[in-house]
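Subject: the structure you wanted to look at

Hi,

Have it open while you read.

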Amino acid sequence: MPKLVTLLVLATLGVASRANADAPSFRLSTFQADVTPPMGHPLMGGGIAPAKEVIDRVQAKGVILIGGEKPVVIVAVDWCEIRNEAYDRWRTAIAEAVGTDRARVLVSSNHQHDVPVADLDAERILLARGLVGRVTNLEFHEEVVRRVAKAAAESIPNAKRVTHLGTGQAKVVGVASNRRYLRADGSISFDRTSASKSAEAQSQPEGIIDPWLKTLSFWDGETPLAALSIYATHPMSFYGKGGVTKDFVGLAREARQAANPSVFQIYASGCSGNVTAGKYNDGSPANRGILAGKIEAAMAEAFLATTRHPLTCCDFRVVPLRLEPRNDEGFTPVDLEKRLSPASKPFDQCLAAMGLSWRKRADAGATIDVPALDFGPAQWLLLPGESYVEYQLYAQSVRPDSFVLTSGYGECATGYVPTERAIAEHDTNLHDWCWVAPGAEPRMHAAIRAVLEPHR
């Protein structure tokens, strides 16, 4: 494990001292672009039925904060995951379009399942072997990336002055529950999925969750410009039949947008690898609207509870995180190659290809950027993959007197990033969609501390 000091790679946007009379002024632009896949496109990396209909169109929505050294971009995408080379491509294209560094482009996926997973090298692996499994349409992916980058660039001339930052939060009632619960016989189960029909799973307590929906907003004086909300739950109601949708979190976001058109709305999923709506959702179609209403209500309440703070600084920090690739049975390069067989099921081919895509980078020594924006009274942190909710709670504990918003689903090559406890208890969700070795937790904690703790 590298020493903490070797993790620190600091880059600063703005001026650290709030007392500085020459503190920079800030401007904010907003942008969005359609990222709806065509019919037949793989959904959830080939794990469910491909796109058969568009229930509602999906978007990438972002803000660009300009002021100080270089612009910073936050963009949340209504896709399941963006991984490996695809994640680099998104950040590079947007950075070039707006004149900033790739590290300063904070891209996250909202992790709905009836939408694409982007992994370019995994798709090329499948194509090269003539296999039927499919992860990503390469041409469509490049078209979308260019569309989003163009929208970001075209938004800058319309940037508006920002003088204040807003912070507000509200508890969400009756949505999130941990996958883990105790059965009547005292045994541990991890099968409380996003749609759970088990009466036992629904009757047990919520378990470890973060009940707060947090909203960070940007203001020009008393005029709100944009609101960025985060909540930690898997965002699926009913799913898996090929109906492309932004699902209940996206519907809540758009309802807020319609209710207050002058305030640009973004929703980003928090660290929710082990959090679902399964206690409160049996997968009935009617539950989509019910869950959306609960999220929308919390977004409205959080905005009403906003406290405004003068925006005098935005410190950008990023640390490199090294997570070792998984190397147990079924996950070695040899094992993954064996699974790339015409005899394997198409989704197993996709999983193996995504595993190899990550292994190639990890074995070459690749690290993952863990970035944060520090506004003084509030911080925005982006963590990789399907990080478990305990990491979000840990991040808040690092700055207990501050307003910390933690988004998951940044670089998603990792898949699940579990806690050591989950591994010791044999979390059954880690059988496939997890490509990192045990030992991630202390490294994640070190990176969170390094990027969040105040630097004087």
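Predicted model: local features only at pLDDT ≥ 70, side-chain atom pairs only at ≥ 80, totals over all residues.

Strand E10 (residues 164-171) and E14 run antiparallel and are joined by eight bridges.

Residues are numbered from 1 along each chain as its sequence is written, and side-chain values use heavy atoms, with hydrogens and water left out.

Back to E14 (residues 212-220): seven of its nine residues are buried, meaning under 20% relative accessible area with a 1.4 Å probe, protein chains only. E14 also runs antiparallel to strand E15 (residues 223-231), with seven bridges, and Thr215 has Ser229 in E15 as its bridge partner. In the hairpin of E14 and E15 there are two residues between the strands, and Gly221 takes a positive phi near 65°.

Next, the open sheet: five strands in the order E7-E5-E4-E2-E9, with mixed pairing. Strands E7 (105-109) and E9 (160-162) are at the edges with a single partner strand each, so one side of each has no neighbour in the sheet. E2 (residues 26-34) and E9 run antiparallel, joined by three bridges, and Arg27 stands opposite Arg161 in E9.

- Helix H2 (residues 84-98) lies across E4, E5 and E7, at about 140° to E7.
- Helix H4 (residues 138-155) lies across E2 and E4, at about 150° to E2.

Those angles, from 0 to 180 degrees, are taken between N-to-C directions of axes fitted to C-alpha atoms, for helices over the stretch in contact.

Finally, the largest pocket has a volume of about 310 Å³. Among its 16 lining residues, Met44, His113, Arg179, Tyr416 and Asn429 are the closest to its centre. A pocket is an open set of points on a 1 Å grid over the protein atoms alone, where a 1.4 Å probe fits, with protein on both sides within 12 Å along at least five of seven lines; lining residues have an atom within 4 Å of a point. The volume is the space filled by probe spheres set on the points, which are joined across faces, edges and corners.

Cheers

Terms used
Pairing = 2+ DSSP bridges. Helix = DSSP H or I, 4+ residues; strand = E, 2+ residues; numbered from the N terminus. Contact = heavy atoms within 4.5 Å. Buried < 20%, exposed > 50% of the residue type's maximum accessible area, 1.4 Å probe, protein only.
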